Number of protein chains: 2
Amino acid sequence: MKRTSLSELGEFGLIQHLSEKFVNKQSSTLKGIGDDAAVLDYGGKLIVLTTDLLIEGIHYDLRYTPLKHLGYKAVTVNLSDVYAMNAVPKQITVSLGISSKFYLEAIDEIYEGIRIACEAYGVDLVGGDTSTIKNGSILSITALGETDAESVVYRHTANSGDLLCVSGDLGAAYAGLQLLEREEHLFTADPSMTPVLKGYEYIVQRQLRPEARKDIILMLRDLDIKPTAMIDISDGLSSEIIHIGTKSGKGAKLYENKIPIADETRSFATELGIDALTYALNGGEDYELLFTIKQTDFPKLKNNPDISVIGHITEMSEEFLLITQDGTPVRLRAQGWKNFSK
Amino acid sequence: MKRTSLSELGEFGLIQHLSEKFVNKQSSTLKGIGDDAAVLDYGGKLIVLTTDLLIEGIHYDLRYTPLKHLGYKAVTVNLSDVYAMNAVPKQITVSLGISSKFYLEAIDEIYEGIRIACEAYGVDLVGGDTSTIKNGSILSITALGETDAESVVYRHTANSGDLLCVSGDLGAAYAGLQLLEREEHLFTADPSMTPVLKGYEYIVQRQLRPEARKDIILMLRDLDIKPTAMIDISDGLSSEIIHIGTKSGKGAKLYENKIPIADETRSFATELGIDALTYALNGGEDYELLFTIKQTDFPKLKNNPDISVIGHITEMSEEFLLITQDGTPVRLRAQGWKNFSK
C-alpha cells in the first residue's frame, strides 16, 4: 500500500484533495467547501455554516492561555468566518474533549468565556457534545448565521480594478504569540523570573482575546457599501489575498507602505530584529476582514480610520505582487498555517 | 480553588450544569440544548442542527474498526439525530484531527466511508476543518436537516396513554462491541490466533457500520403517523425512555417480553452468561428510533415487522417501570455512556 505523508500536501493541499471527491447534490446547498462558510437555502433567509477545530498544543497553549480567553477566542474565530460572508451569526454549537486532569471549575472557566462571547455578539449556544480524551483538550465549534441573496459576499467575485481593503491592523496577533512563547521559554528555564508583558498589552490581547469584526460589517451597511469579495484573515494577508485572487481568476497588487501595522507590533519586531511586514503578511490569526470594493465606493471609505486601502485587483491571473517601499515588485507566496508540515 | 472531578457529575450532569448558564435570546432559536438536535427558524423550512464528537480510544478502537466503516458510522450516528426530529438531513461538516502517524491513504479511507454515507442518505459535505493532533485521532461532525412546524417531533411532547414504539432490534451493537473486544484481547495475547466472528456477522455489522433509520421516517409518513415524541437510541433503551418521560413530565411502563432482541444477540449473550435484556436496556449505539404514538394510530402499525410496541406512557411523573416476564415491576435506571466515570 502506498504511503503519502501529510507533510507532502500541507493543509491546503489536503483540503483540496479531500474535497475533490465530493459533489454537492442537494438543491439547498448554494455553496459548499471553498469559502469562509457554506451557504444554504432552506427557503427563508440564507444560512451560512462554518466550523473550526481547536487543538491544545497546536492552536493554543494552556501554559499562557487563560481558560476564559480560550473559550472567548474559540467563539470569535468562528464568528469571524460568518461575518466574512457578510452574514450575522445567530447560533453556535460547542463540542469539548478534555482529559480527566481537568476539573469542573476549569471547564466552567472555558464556558464562561464562551458565554461572554455569546452575549457580546448576540448568539445562542444551541448544542454540542462533551467527551473525555486521553491527553490534553480540544474544542470544536460550529457557527450558523443568516444573510440573504442580495447581501452574501463570496471570495470568488472580485473584479479587476477593485480596491483591496483591510480592517484594523495586521501582524499583532502573531507578534503577541512570539512574545508569549519567548516569555514562556524564559520562565521554563528560570521559574523565578517574572514574564515581562508590560508595554505589549495590545499584541498580547490580539493573540489571546481577538474580536470578530462585527462593527465593520455594520459600518459597511451604514455606508451602503457591499464588498465585491471578502475573506477573514486567519492565515495571514498573503494567503488571503491569494485566495480571493485565485478564486476570482484574477491577480492583485499590494503596496507595502499601505499595510496597517500597529506601533507596538513594530516595536516588538524591532526588538527581535524581524521585519514587521513578515508578521502582517504571514503571521495569521488577525481575524481582520480583507475585502474588495468597486472604485466608485472609494470616497465613502477614504478617510475611515478603521479601513486601509492597500492595493487593487489586477487582470493578471494568479500574479500577486507586493510593491515594496522603494518600488520593487516582489511575488507574494501563501504560507498559511502549515500545521501538517512538521 | 475548589476542584470538582468530572466523574462526580457524569456526562448528563455535566451537560445539565453547563447548559444552565446559557439562555437563548435569538428569535430564530426555537429549541436549543436538550433534544436530539436544535431547531432553528430562518423564515423558510425549519432547520435542525446536531453535532457529535468521536474520539479514538473512547468512541472507537482502530485495532478492529476499519477506517471506511469509521467514516460511515461517524456520519450515520449524526444523521440518526436528525431523523429523530422527524427531519431530513441535507448537509454535514466534518472536522478531522489526526496524528502524523496517519498517511494520506488512511485519511482517504475515512473520507471514502463518509462519501458512501453521504451518497446513501442524500447529504452534501459542505465544510469542515483538518488539523494534526499529538496522539490518535478525533472526528467532529455536524449535521443540518430540514423539517417544518407541522412535522417536527420533540422529546418532551409525549402524553399519558401514548404507546411506546421502537424500530428494529436492540442490544446488537453492544453485543458486537463485546465480541470485537474479546477477540481483540485474545489476539493481543496470542497473535497467531484468528479472530472468530463467524456466525456473528449481524452483531459485528451493527457495531461497526450502523445505519440511521431514514426508512422508518419515510414509512411513518406513508402511514400518516406523526409520533407524539421521538428520540434515537444512542445510550440504551432505559436512558432514552427516561429522557422522553422526564422531559414530558410523565412516566412509562415497559414490557420485557415486547423488547425486540435479535437471535444472534441472544446467542452471544448466552455464550457470555449475560442476560441479553441488559444489552437492550443499557448497551447503546443501536441508533434505532424510540417514539410514542397515539393509541388511535395503533392499527396502522400493529403488524409491522419493523416496529415493536413495547409499552406505554403513564401519568406517574418520573416513574419508569419494566414489567418482567413473570409480571414483576422493576424500576428502570439511566446508565448512559458515562465516559467521564472512570
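Reader: What distance does helix 7 of chain A reach from its first C-alpha to its last?

Author: The model is a predicted one. Helix 7 of chain A covers residues 237-248, which makes 12 residues. At 1.5 Å a residue the expected span is 16 Å, and the helix comes close to that, reaching 16 Å.

Reader: Which residue just after helix 7 of chain A takes a positive phi?

Author: Helix 7 of chain A runs over residues 237-248. Just after this helix, a positive phi of about 70 degrees is found at Gly249(A).

Reader: How does the radius of gyration of chain A stand against that of a compact globule, and what is its value?

Author: Chain A contains 10 helices and 13 strands, and its C-alpha atoms fill a box of roughly 55 × 55 × 50 Å along the principal axes. Of its 342 residues, 53% count as buried. Because a compact globule of 342 residues would have a radius of gyration near 20 Å, chain A agrees with that expectation at 20 Å.

Reader: Which element supplies the largest share of the side of domain 1 of chain A that touches domain 2 of chain A?

Author: The domain assignment gives domain 1 as 6-147 and domain 2 as 163-331, with 22 Å between their centres over C-alpha atoms. Their contact takes 16 residues from domain 1 of chain A and 17 residues from domain 2 of chain A. The side belonging to domain 1 divides into 7 nonpolar, 5 polar and 4 charged residues. Its largest share, 9 residues, comes from helix 2 of chain A, residues 67-83.

Reader: Why does Thr147(A) count as buried, and how many C-beta neighbours does it have inside 10 Å?

Author: Thr147(A) lies in strand 6 of chain A, residues 137-147. Not counting residues up to four places away in sequence, Thr147(A) touches residues including Leu46(A), Val48(A), Met85(A) and Val152(A). A residue is buried with 20 or more other C-beta atoms within 10 Å; Thr147(A) counts as buried because its neighbours number 21.

Reader: What kind of axis relates the two copies?

Author: Chain B can be laid on chain A with an RMSD of 0.0 Å, by a turn of 180 degrees and a shift of 0.0 Å along the axis. The copies are thus related as by a two-fold rotation axis.

Reader: Which residue of chain B comes closest to the rotation axis?

Author: The distance to the axis is taken at C-alpha, and its value for the closest residue of chain B is 1.9 Å. That residue is Gly44(B).

Reader: Which strand of chain B gives the largest share of the side that touches chain A?

Author: In this interface, 68 residues of chain B are in contact with 68 residues of chain A. Among the elements of chain B that each supply at least two residues are helix 1, helix 3 and strand 6. By class, the side of chain B comprises 27 nonpolar, 27 polar and 14 charged residues. The largest share, 9 residues, comes from strand 5 of chain B.

Conventions. Residues are numbered from 1 along each chain as its sequence is written. Chains are lettered from A and ligands numbered from 1 in the order in which they are written. This is a predicted model: local features need pLDDT of at least 70, side-chain atom pairs count only at pLDDT 80 or more; totals for chains, interfaces and linings use all residues. Copies are superposed by least squares on the C-alpha atoms of residues with pLDDT of at least 70 in both. Two residues are in contact if their C-beta atoms, placed from the backbone, lie within 7 Å. Helices (H or I, at least four residues) and strands (E, at least two) are DSSP runs, numbered from the N terminus. Ala, Val, Leu, Ile, Met, Phe, Trp, Tyr, Cys and Pro count as nonpolar, Asp, Glu, Lys and Arg as charged, and the others, Gly among them, as polar. Domain bounds come from an automatic or database domain assignment. A residue is buried if 20 or more other C-beta atoms lie within 10 Å of its own, exposed if 12 or fewer, and partly exposed in between; C-beta atoms are placed from the backbone. The radius of gyration is taken over C-alpha atoms; the globule rule is 2.2 Å times the number of residues to the power 0.38. The expected span of a helix is 1.5 Å times one less than its number of residues.
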